[in-house]
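Open your viewer and have the selection tool ready. We will go stop by stop, picking residues and looking at what surrounds them.

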Amino acid sequence: LGAAALAAGRNVTAGEAYARASLFYHFGQFMAFEDLDAKARAAARKVELYRLAAPLLDPPAEMVVVPFEDGELRAFLRVPKGEGKYPLALIIPGSDSTKEEFPAFERHFHARGVATLSLDGPGQGEGRSMGTLRPDIGPAVEAAIRSMEAHPRLSGKVALVGMAFGGFLALRAAASVQKLAGVVSINGFFDLGGFWDALPQVYRDNMRFSLGGADVRERADRFTLARCPPSTIPALILHGGRDKIFPPSEALKCADICGRGAELHVFEDGNHVCNNIPWLYRPLVADWVAERLGA
């Protein structure tokens, strides 16, 4: 559909089709761990298709290469149309989600005058070239922010938004990254090891893939906020009351450690990442971020 639309000069339709195809490949491989070669092929196809979609989206998505350690991370920047400079929402994926997943989420920020940078951190998406997930994504976030400092259409104001496992990573990073205007954790957690025994088997498979190695249980204990200094920036904590992966009680613990307090919403009917109520949580997040950034 995308190829046919592009040949006919229907660029909007082509961009939407390529982005949707990329998303289908993403969810096709999302929790499939029985054939890692097939999973890798589907993930590569996802990346390929999104790159076709990127320049056709509204606003377009620009590939950003972020120098980091001895390699590079990749992200997609989307800036609203119009004159002036825009603040930035830096979006962090979860344990098996990636930057290509977010066009429908990003549009809520663009409509409120906020640019978006969706980043594959170490161990995420294309960032798996740098190994498995790390407890502290702060240095990668700082590298991404530095790469945006000279961009002529960005104001320099930044908020972090983390999805699921990325909700933990965002809160962990916020404890060390300077000059953030706010941080959002959507169905994150406080201490992965604390509820490890209650995780469903499919998510333990996810953790073996994302954290790596036979010592995954020991690695899980490193993913905690218990030993982090409290963040002093404004925080928004969201969680679904029906989340069967990360318990809603984790959201309460996350809110408690925020040094300036946090705005907390536990949606009784929400599932993991509140994906069954996007109409409720996505505008709330975008409004909160836009207000903190002065968009």
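Select His110 first: setting aside neighbours within four places in sequence, His110 is in contact (heavy atoms within 4.5 Å) with Pro59, Arg78, Pro80, Ala115 and Thr116. His110 belongs to helix α4, residues 103–110; helices (H or I, at least four residues) and strands (E, at least two) are DSSP runs, numbered from the N terminus. Its relative accessibility is 9%, so His110 counts as buried; buried means under 20% relative accessible area, exposed over 50%, and partly exposed in between (1.4 Å probe, protein chains only).

A word on the model: it is predicted, with local features needing pLDDT of at least 70 and side-chain atom pairs counting only at pLDDT 80 or more, while totals for chains, interfaces and linings use all residues. Residues are numbered from 1 along each chain as its sequence is written, and side-chain values use heavy atoms, leaving out hydrogens and water.

Next, pick Arg78 together with Glu106. Their side chains meet in a salt bridge (2.9 Å, N to O), meaning a side-chain nitrogen of Lys or Arg within 4 Å of a carboxyl oxygen of Asp or Glu. Arg78 sits in strand β2 and Glu106 in helix α4, so this pair ties together parts 28 residues apart in sequence. Are these two buried or exposed? Both Arg78 and Glu106 are buried.

Follow β2 (residues 71–78) to its antiparallel partner β1 (residues 62–68), joined to it by seven bridges; strands pair if DSSP finds at least two bridges between them. Phe68 stands opposite Gly71 of β2. The hairpin has two residues between the strands, and Glu69 there takes a positive phi near 55°.

Now show Glu126 and Arg51, whose salt bridge has its closest N and O atoms 2.7 Å apart. Glu126 lies in the loop between β4 (115–120) and α5 (138–148) and Arg51 in helix α3, so the pair ties together parts 75 residues apart in sequence. Both also join a salt-bridge network that includes Lys46, Glu72 and Arg74. Across the structure there are 18 salt bridges.

Last stop: helix α7 (residues 201–211), where the buried residues include Tyr203 and Phe209. The buried residues of α7 pack against α3 (36–53), α6 (165–174) and α8 (216–220).
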